[in-house]
Amino acid sequence: MSEVTVDRLELSPLQERTLGLLRRGDPVVFDTAFIASLRHDVDEAFREFHERLGDESIFISKHKLASVLGCEVQHVADDAFTWSAAVAGGQVAHRAVQLMINWRGDPVPADVVDEAIARLADDDSSIGDWIEGLGEADLADLRGVAVDKLIKFQECFPPLDRRAAPTVESSVRWPIEGPIVLSGRVDLTLGRPAGAESRKVIVDLKTGWASPKHREDLRFYALVETLRTQVPPRKLASFYLDAGEPVVEDVTEATLLTASRRLLDGVHAEIELTVEGRPPIKRPGTSCRWCPMQSECTEGQDYLAGANGTDD
Ligand code: SF4
């Protein structure tokens, strides 16, 4: 029986396609010697990094890794993050998906979103504080963004049977101790390992355009999962809800090696910048579009003029 099973027989073409992409094929079992060697190489590199860190510690998330490997000047600049309906709507929708998966019956999306907003508002977190301070019109705005995302999720995904072990916003962290912590929150996972057989599918829910960065984000999660459990996930999927299109990648040894090299490059750069005092390097790219320093950065302006609206 497939790992991803559904409760209902009548699926839309979009849901059928998603189900087909997520179904298991032949069993995938990674070479245990390869996994041990990957883990050994990361452990060894971390030991050297620990010496360079001294008393400092660093957290590496998918965002931080992408940031330090992008434009370093933007990376080290103060991150003046503020919540908005567009940003918080994604978080609310993820919380709503989490509720909906475990909700009995056929819930109305707006009701599930209201419940998600109420629960997040109760959280002792920055988004909870932000929601608490919203007026009625801003709440309606937030509700609208989240309901749109939740309905698109329902259109794209078949109803998920609990036997598929779906988890939403599952936090991952590795290792258990030490000054370098890899951490993240995975949008959606389906399946779980059966012994050494890889069965888990890691899904990132996206709105907007496809970007190569999204594939790197998922590979980071695949690596953390492998270091945590010694069983890599089977597939990685960026699911673009606005377009109804998934981009799916099978996890291979090459995927994991690429992810580990990228991770070690990122940790090395982070230590150089934050502990060893190396000056940051400008790397113009897509992120120039929303960079707060764009108005005073010649390199960024030149890049944007040359890019002429195309993605890199
Ligand atoms: S505008 Fe571009 S190159 Fe300049 S600091 Fe920002 S991200 Fe870096």
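The model is predicted. Its largest nonpolar core has 36 residues, and another core, of 33 residues, lies apart from it.

**Nonpolar cores**
- In the core of 36 residues, those with the most contacts inside it are Val92, Val113, Ile131, Phe153, Phe157, Leu188 and Val203.
- The elements that give two or more residues to this core are the helices α5 (85-101), α6 (109-122), α7 (126-132) and α8 (136-156), together with the strands β4 (180-190), β6 (201-206) and β7 (235-240).
- The other core, of 33 residues, includes Ala45, Ile58, Trp174 and Ala259.
- In soluble globular proteins, nonpolar side chains tend to be buried together.

**Phenylalanine 157 and threonine 18**
- Leaving aside residues up to four places away in sequence, phenylalanine 157 touches Gln15, Thr18, Leu22, Leu188, Val203, Leu205 and Phe239.
- Threonine 18 lies in helix α1 and has a relative accessibility of 2%; it counts as buried because this value is under 20%.

**Arginine 24**
- Arginine 24 sits in the loop between α1 (13-22) and β1 (28-29).
- Its relative accessible area is 22%, so arginine 24 is partly exposed.
- Valine 68 is 44 residues away from arginine 24 along the chain, and their C-alpha atoms are separated by 35 Å.

**Ligand surroundings**
- The residues around the ligand are Cys71, Val73, Gln74, Pro284, Ser287, Cys288, Cys291, Gln294, Cys297 and Gly300.
- Six residues of this shell are nonpolar, four are polar and none is charged.

Conventions:
Residues numbered from 1 in each chain as written. Predicted model: local features only at pLDDT ≥ 70, side-chain atom pairs only at ≥ 80, totals over all residues. Heavy atoms only, no water. Helix = DSSP H or I, 4+ residues; strand = E, 2+ residues; numbered from the N terminus. Buried < 20%, exposed > 50% of the residue type's maximum accessible area, 1.4 Å probe, protein only. Core = buried A, V, L, I, M, F, W, Y, C linked by side-chain atoms within 4.5 Å. Contact = heavy atoms within 4.5 Å. Near = heavy atom within 4 Å. Nonpolar A, V, L, I, M, F, W, Y, C, P; charged D, E, K, R; others polar.
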